[in-house]
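Q: Hi, could you walk me through this structure with me asking as we go?

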Amino acid sequence: MYKDVTGLIFQIQRFSVHDGDGLRTTVFFKGCPLRCRWCHNPEGLRPGALLAVNRPLCVHCGRCQDICPQGVHSVSPGMHGVSRAQCRTCGACAAACPTGALHLIGQRMSAGDVVREALRDAPFYTTGGGITCSGGECTMQPEFLLAVLTTAKEAGLNTAVDTCGFAPSDVLRQIAPYTDAFLYDVKAYTPELHRTFTGADNALILSNYRTLHGMGARLDVRIPLIPTVNDSEEEILRIGRFLQEAGRPHALKVIPYHSPGHAKYAQVDEPIWEPEGRFTVTPEEAQRMLDAMLT
Ligand code: SF4
Ligand code: SF4
């Protein structure tokens, strides 16, 4: 009944092996309420469509400047400026570019079409695979997310939701009956740390964890370990104590920091961040510490 609800996505990745049980079809929803400095998907942060500019491919022919009705592009030899605030994402410049230096990020799809895409991979879902809704933050498009999940369940698919937990509790409560597993990020326990490095307080994230755990939802906690951010022994112990007290997760995985690479950031003109130091506690040590606390 929800098949025709539409939403904005920026990628469908087939055969993912890190987004839940088995082989997954991962759907990346546009928009995220957090600004984690180490984000690997800067193209998914803004809720609307976005023009990506791959400057190394630009030959400065000026066609985009000539065709754009909004005056977004300023092209001169060796330079390509973009005034993003004026862009209406009409796509005319991308269609005119002879080198493929421009493309729009963000495609509107119906829930039915998303699930039909996933069903193409169903023959490979032999070891518990299914569809994973990710992002960005998929709960930022709650009606579309609910539509994808309910349609997927009607089609007999296993469902997972990859979330930062910074979402209205009602939305999480509403989707929980149609979600086989939550891949739930716990990035920090200390509020100031969370605010500094993600741009938002974590009280809602911690309280939503308790709510979902209380509902009996399967919670696969993921802790991105970031040098100079949350890799101190104290912070890891704080996270472990929170999980002991709020309810043990079904699984817990420490995800080591990897540089997201600067090219994606440059294409969408988002500021780049790199940690200024190495791990104090290594990801392997952090995993051992947390496993010991939670078993
Ligand atoms: S997408 Fe449209 S409005 Fe945006 S820069 Fe290109 S031509 Fe201009
Ligand atoms: S049309 Fe393409 S190659 Fe030409 S200036 Fe614009 S981005 Fe560069």
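This is a predicted model: local features need pLDDT of at least 70, side-chain atom pairs count only at pLDDT 80 or more; totals for chains, interfaces and linings use all residues.

Q: Okay, at what angle do helix α3 and helix α4 pack?

A: Helix α3, which covers residues 111-119, and helix α4, which covers residues 142-154, pack at an angle of about 45°, and their axes are 9 Å apart. That angle makes α3 oblique to α4, and the crossing of the two helices is right-handed.

Q: And which residues make the contact?

A: On the α3 side they are A111, G112, V114 and V115, while α4 brings in F144, A147, V148, T151 and A152.

Q: How many of the residues in that contact of α3 with α4 are nonpolar, polar or charged?

A: Seven of them are nonpolar and two are polar, whereas none is charged.

Q: Switching to strands, what order do they take in the open sheet?

A: Eight strands form the open sheet, in the order β7-β1-β2-β8-β9-β10-β11-β12, and their pairing is mixed. The edge strands are β7 (107-110) and β12 (251-256), each of which pairs on one side only. On average, neighbouring strands of this sheet are turned by 30° against each other, if direction is ignored.

Q: In what sense do β11 and β12 pair?

A: Strand β11, residues 219-225, pairs with β12 in the parallel sense over six bridges, and L225 has P256 of β12 as its bridge partner.

Q: Back to α3, which strands does it lie across?

A: Helix α3 lies across β1 (6-16), β2 (24-29), β7 and β8 (130-135), and it runs at about 90° to β7.

Key:
Residues are numbered from 1 along each chain as its sequence is written. Chains are lettered from A and ligands numbered from 1 in the order in which they are written. Side-chain values use heavy atoms; hydrogens and water are left out. Axes are lines fitted to C-alpha atoms, for helices over the stretch in contact, and angles run from 0 to 180 degrees between N-to-C directions. Helices (H or I, at least four residues) and strands (E, at least two) are DSSP runs, numbered from the N terminus. Angles under 35 degrees count as roughly parallel, over 145 as roughly antiparallel, 65 to 115 as roughly perpendicular and the rest as oblique. A crossing is left-handed if the near helix is turned anticlockwise from the far one by less than a right angle, and right-handed if clockwise. Contact means heavy atoms within 4.5 Å. Ala, Val, Leu, Ile, Met, Phe, Trp, Tyr, Cys and Pro count as nonpolar, Asp, Glu, Lys and Arg as charged, and the others, Gly among them, as polar. Two strands pair if DSSP finds at least two bridges between them.
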